[in-house]
Amino acid sequence: MQFAKVFWVRVLLVLSLFISIDVLAADKTLRVGFNPLYKPIAYKENGELTGIEYAMARTVGDLLGMKVQFVELPTEDLISALVNDQIDVVMSGMSITENRKKLVSFTDSYMEVGQMAIIHADKVVPLALPRAMYRPGMRVGVEPTTTGADYARDFLSEAVVSFYDGQEAAFDALEKDLIDYYIHDAPTSWNLSMGKQTDTFLPLYRMLTREQLAWAVRKEDTMLLARLNGALADMKASRTLNQILDYWLPVKVELE
């Protein structure tokens, strides 16, 4: 009899804990940090936020019963803003790396990508060959603190590397012949294959890296991490994730 009372007291305590968590979540705003210069992952169209991460953040907010507040930040400031409690989660096409894992915790991955090089269509002959990018003096554009920048540092030591804040600036540099290659995540190349710039820019469909995209939270936010993973699992099971990815990436080049 005493055992039964203790058992039910524990059950009630656990239930009250989950109820209190849900009540708090309903009143809490999820501050989502992202850089809206990464089409189609996160960007602006006619001044309005849109893209893969935007749609996923909205879906996660609905699943968790939380309001979503989007906080725009440069890519290089996202992790520091997270660590300093200015945002709750980074949802900005962030790749999982060992260095980043030292600072933040990552959810399960929602997509595999890799770095690809993009050139001007007029330079196919001199630049499209597999080893052309590794010749001394090649001019390469990347975004700061990205895995594309890491690749240039580790494998293109004889290149002249320039940094650009966002795709628009990098594409402008390609068009003005300021750089020979622009290295960025595969979704940028996939997006080019559907856009109006296909006659101007040519993606080289060779994966330079293999990376997993995921969301990042503070290391101490274990409860939020679990809830985000739960929401992501629901999105995968219901195929909502596939629907979001297929909408913004109807053309996806798969390479082995």
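Two strands count as paired when DSSP finds at least two bridges between them. With that in hand, welcome to this predicted model.

- Two bridges join strand 2 to strand 3 (residues 42-45) in the antiparallel sense, and Y38 has A42 of strand 3 as its bridge partner.

**The largest pocket**
- The largest pocket holds about 670 Å³ of space.
- Its lining counts 36 residues, with R100, T145, T146, T147 and D150 nearest the centre.
- Helix 6 gives the largest share of this lining, seven residues.
- By type, the lining has ten nonpolar, 16 polar and ten charged residues.

**Salt bridges**
- The structure holds 16 salt bridges.
- One of them joins the side chains of K44 and E72 at 3.0 Å, N to O; K44 sits in strand 3 and E72 in strand 5 (residues 67-72), 28 residues apart.
- K44 is partly exposed at 41% relative accessibility, and E72 is partly exposed with a relative accessible area of 41%.
- D180 forms a salt bridge with K123, with the closest N and O atoms 3.3 Å apart; both residues are buried.
- K176 and D172 also meet in a salt bridge, at 3.1 Å, N to O.
- K176 is exposed at 54% relative accessibility, whereas D172 is partly exposed at 34%.

Note on methods
Residues numbered from 1 in each chain as written. Predicted model: local features only at pLDDT ≥ 70, side-chain atom pairs only at ≥ 80, totals over all residues. Heavy atoms only, no water. Helix = DSSP H or I, 4+ residues; strand = E, 2+ residues; numbered from the N terminus. 1 Å grid on protein atoms, 1.4 Å probe; cavity = no way out; pocket = protein on both sides within 12 Å on 5 of 7 lines; lining within 4 Å. Points joined across faces, edges and corners; volume = space filled by probe spheres on them. Nonpolar A, V, L, I, M, F, W, Y, C, P; charged D, E, K, R; others polar. Salt bridge = Lys/Arg side-chain N within 4 Å of Asp/Glu carboxyl O. Buried < 20%, exposed > 50% of the residue type's maximum accessible area, 1.4 Å probe, protein only.
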